[in-house]
Amino acid sequence: MKKGHFILLIILFLISVTSAIYFFDIIDFPGLELLPYYAASSFLRMGVAYFFSLCFALVFGYTAATNIRARKFMLPFLDILQSVPILGFFPAAVLFFIGLIPGRPGIEVAAVFLIFTSMAWNMAFGVYESLTTIPKELVEAADSFGLHGWQRLESLTLPACVPKLVYNSIVSWSVGWFFLVASEIISAGSETYKLPGIGSFLIDTTYSGKIALMLVGLSILVIIILLLELFIWKPMQSWADKYSYEYAGEKKPGEFIFNTKIIKFSFRIIFESFSKVMVALYIVFHWHKLIKKVSKFLGYLVLISALAYIVYIFLTSVAKMLLNLPEDAHSIPLAIAYSFMRLSVAYVICIIWTIPAAVYIARNKKASSYLMPVMEVAASIPAIALFPAMVVIFIRYGSLDIATIILILLGMQWYLLFNLIAGVKSIPKEVENVAASFGIKGRLYWKRILLPSMFPSFVTGSITAWGGGWNTLIVAEYIVFKGQEFHLFGIGYLLDKATFESPDSSMVILSVLSMAVTIIFLNRLIWQPLYRKALAKYKFD
Amino acid sequence: MLAEIKNVSKTYETDSNKISVLDDINFSVEDNDFICIVGPSGCGKSTLLRIIVGLEKPTSGEVFFKGEVISSDNPKVAMVFQNFALFPWLTVQENIELVLESKKQGRELEKTACKYIKAVGLDGFEKVYPRELSGGMKQRVGFARALAVEPVLLCMDEPFSSLDALTSQNLKDELLMLWADANMPPDAVIMVTHNVEEAVYMSNRIIILSPRPGKVVADLKIELERPRNRKDPEFYRWVDKVYSLIV
């Protein structure tokens with residue numbers, strides 16, 4: 001059975017269960033007929049956020065790759081944005097946008113903005129990496145045959161971005177779903193804002209204890225995600241293969257249950273019209289030196305004023321905080337330590353199960369053809385959406401601690417697992433052959449060959465896993481169920497408490513900042529040196 | 001005189017020290033020259049070629065093409081690359097049409113492209129993507145692309161060294177046939193190679209560079225009848241002579 005069949009089977013199963021509940025009115029719930037509308041609105045929010053992320057990624061990545069001076073502050077800036085727990089900044093962003101645009105449009109913009117912040121950075125890095133790793137000879141060919149300006153953009157720059165951009169788009173969407181669920185119900189200060197959507201439906205139904213309905217919503221969400229996977233992302237990946245440099249070009253095994261020619265053709269049309277638009281914009285901006293100068297000036301103006309604004313907000317709130325230190329402030333270090341311990345426990349569990357699982361899945365073709373789709377489906381469910389259900393179970397039968405750790409695990413483990421599988425699969429055949437022909441087996445094989453060659457993907461996986469973990473933490477340490485509040489002491493709890501329970505904006509900023517500082521500190525101290533070592537010593541090329 | 005390389009030197013600066021790669025290179029390129037630049041590895045052959053084409057700037061000295069300082073935009077100079085440098089997302093024909101378009105030879109794109117695809121023996125492969133071609137066929141596209149802009153000077157950077165021996169021998173002979181055809185561009189060729197036999201087989205002039213920093217050690221005219229015979233003792237005298245000058 002092909003992987004596509006399996007996914008389709010899961011989709012059919014979910015659709016039938018959902019529609020059974022839906023049409024036969026098994027559950028009487030006012031507003032159930034609005035579910036399709038909820039799903040459509042949520043999807044639209046994702047689409048709009050994705051579009052803006054794409055534009056941002058292209059402009060940002062292109063500028064960082066071509067302008068060496070700008071790069072020096074753009075890359076560290078992006079790095080920090082990427083490692084900061086976005087969810088924590090969200091209440092502040094909502095207040096800002098509602099102040100700017102009153103009413104529902106303001107909340108919509110805020111929600112799209114949150115999703116945007118979860119999608120954009122990794123795509124921007126993708127564009128930057130694509131443009132800086134174009135093979136040298138190809139750049140020289142473009143130079144020596146006089147490909148400049150818009151022609152270069154159309155024939156070299158944009159196509160070169162395609163493979164990484166497609167891959168990172170898929171990652172961005174799956175992260176985006178997580179933030180969608182978080183963004184549709186927003187409490188800022190004493191107000192709670194709600195948007196119609198699948199995310200708010202999920203949270204509403206759980207908090208009011210209607211678990212069956214929550215499951216209907218969840219399966220609709222999963223159906224949407226799976227349909228996208230099957231009809232958009234898989235064909236898009238195979239279309240994007242055309243744009244990769246691997247001349248040797250092994251054809252990837254077809255994963256499809258249907259002919260994707262039409263879908264691929266439409267990607268081509270979309271991509272070509274998109275690049276025509278970019279070319280037109282490029283020509284307009286470079287039509288006259290004056291326009292170029294003015295647009296450059298405006299770009300710097302926007303950038304500098306945005307930076308100045310951020311610095312201003314930052315300094316004033318820090319000043320405010322220092323003058324009037326929130327009473328909870330002294331407990332922040334301890335809270336971070338508690339949260340860090342929870343993350344570490346989850347991380348250790350991750351390592352213990354994902355390493356053998358990855359080796360098994362990558363090595364065993366038959367198992368992987370069944371397990372991979374199941375894993376992908378499981379991974380596609382935003383961890384946030386599962387939390388309420390787990391709390392219900394664990395409040396009755398266990399402790400919140402276990403529920404929290406499981407949730408963090410859910411937010412971490414997939415990154416590690418999928419990275420490790422890719423790592424095992426990328427071990428060159430020659431290395432395997434050497435091991436086999438010299439009889440390297442068992443412990444020696446694991447110690448000298450398997451583990452070292454998994455190390456680079458282990459480090460990359462760990463970095464993303466910890467990023468996911470910190471974000472999950474914010475929703476995992478505090479929950480309201482049936483009007484009752486449960487919490488665990490930790491930085492996530494402090495943050496949520498200052499946001500929801502007893503609104504205190506300086507406490508929000510203080511806890512987010514200390515969390516960000518911790519993350520950046522850990523990145524610089526542990527992950528980046530490890531990553532450099534992994535690249536220098538253990539990478540096959 | 002087609003081109004003139006005048007007092008060209010190149011130094012690279014690293015954090016701690018300066019590395020001199022090329023030191024005062026002088027020679028001129030005439031009509032009908034098929035020049036091979038040979039030298040030990042690391043002597044700056046490829047750098048020199050890139051300077052001649054205008055892809056890199058010399059630290060001092062100048063390269064003149066028909067009396068003017070060279071720039072990489074010059075449509076009369078074309079380049080063939082060691083690893084082919086084809087655009088993987090364009091078909092064979094599109095790869096060639098792209099450079100025709102950019103070199104402002106927009107008229108009769110398709111006709112010109114097809115003419116040169118045929119000339120290198122790739123007719124029937126117009127709509128194929130580079131990844132589906134073998135190494136030798138890819139380099140044929142590289143030649144077709146360079147010839148299609150109808151250059152006066154063709155520069156080649158080790159064009160045969162990523163091909164297997166048999167393929168490269170066939171390709172060399174075909175290239176020499178195109179070179180002998182008076183209706184075909186270019187008027188002169190500069191080829192970088194580390195293969196002395198290949199240089200003696202193909203060129204009528206060999207420029208030998210010294211180890212780094214590269215200097216012109218010798219500028220030999222190869223006076224052998226074409227087509228050349230590798231088994232000819234005379235051929236081997238030339239090969240030995242070049243070898244003795246390299247070391």
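Is B:Glu150 buried, partly exposed or exposed? At 35% relative accessibility, B:Glu150 counts as partly exposed, where buried means under 20% relative accessible area, exposed means over 50%, and partly exposed lies in between (1.4 Å probe, protein chains only). This is a predicted model, in which local features need pLDDT of at least 70, side-chain atom pairs count only at pLDDT 80 or more, and totals for chains, interfaces and linings use all residues. Residues are numbered from 1 along each chain as its sequence is written, chains are lettered from A and ligands numbered from 1 in the order in which they are written, and side-chain values use heavy atoms, with hydrogens and water left out.

**The two chains**

- Chain A holds 19 helices and four strands; here helices (H or I, at least four residues) and strands (E, at least two) are DSSP runs, numbered from the N terminus.
- The C-alpha trace of chain A spans about 65 × 65 × 50 Å along its principal axes, and 50% of its 541 residues count as buried.
- A compact globule of 541 residues would have a radius of gyration near 24 Å, and chain A agrees with its 24 Å; this radius is taken over C-alpha atoms, and the globule rule is 2.2 Å times the number of residues to the power 0.38.
- Chain B has seven helices and ten strands.
- The C-alpha trace of chain B spans about 45 × 45 × 35 Å along its principal axes, and 55% of its 247 residues count as buried.
- For 247 residues the globule rule gives a radius of gyration near 18 Å, and the 18 Å of chain B agrees with that.

**Salt bridges**

- Side chains of opposite charge can pair when their charged atoms come close.
- Over all chains the count comes to 24 salt bridges, each being a side-chain nitrogen of Lys or Arg within 4 Å of a carboxyl oxygen of Asp or Glu.
- One of them joins A:Asp143 to A:Arg152, with the closest N and O atoms 3.1 Å apart.
- Another pairs A:Arg342 with A:Asp401 at 3.6 Å, N to O.
- A:Arg342 lies in helix α12 (residues 332-363) of chain A and A:Asp401 in helix α15 (residues 400-425) of chain A, so this pair ties together parts that are 59 residues apart in sequence.
- A:Arg342 counts as buried at 8% relative accessibility, while A:Asp401 counts as partly exposed at 35%.
- In chain B, the side chains of B:Asp219 and B:Arg205 meet in a salt bridge of 2.9 Å, N to O.
- That pair links distant parts of the chain, with B:Asp219 in strand β10 (residues 216-221) and B:Arg205 in strand β9 (residues 205-209), 14 residues apart.
- B:Asp219 is partly exposed, with a relative accessible area of 39%, and B:Arg205 is buried, with 5%.
- A:Arg45, A:Arg104, A:Glu108 and A:Glu184 are joined into one network by salt bridges that share partners.

**A positive patch on chain A**

- A:Arg69, A:Lys289, A:Lys292, A:Lys293 and A:Lys296 gather in a patch of positive charge on the surface.
- Patches are made of residues with over 30% relative accessible area and no salt bridge, with like charges joined within 9 Å and nonpolar side chains (Val, Leu, Ile, Met, Phe, Trp, Tyr) within 5 Å.
- Lys and Arg count as positive and Asp and Glu as negative, while His and the chain ends are not counted; a charge is placed at NZ of Lys, CZ of Arg, CG of Asp or CD of Glu.
- Accessible areas come from the Shrake-Rupley method with a 1.4 Å probe, and for residues only the protein chains shown count as cover.
- Helix α11 (residues 289-323) of chain A gives the largest share of the patch, four residues.
- A:Lys293 sits in helix α11 and counts as exposed at 59% relative accessibility.

**A buried tryptophan**

- A:Trp177 is in helix α7 (residues 149-183) of chain A and is buried, with a relative accessible area of 3%.
- A:Trp177 and A:Gly199 are 22 residues apart in sequence and 8.8 Å apart in space, C-alpha to C-alpha.

**Backbone details in chain B**

- Most residues other than glycine have a negative phi, and most peptide bonds are trans.
- B:Glu150, in the loop between α4 (135-148) and β7 (153-157), has a positive phi near 50 degrees.
- B:Glu158 has a positive phi of about 40 degrees although it is not a glycine; B:Glu158 lies in the loop between β7 and α5 and is buried at 11%.
- The peptide bond from B:Pro185 to B:Pro186 is cis, with omega near -5 degrees, and B:Pro186 lies in the loop between α5 (165-180) and β8 (188-192).
- B:Arg226 and B:Pro227 are also joined by a cis peptide bond, with omega about -5 degrees, and B:Pro227 lies in the loop between β10 and α7 (233-246).
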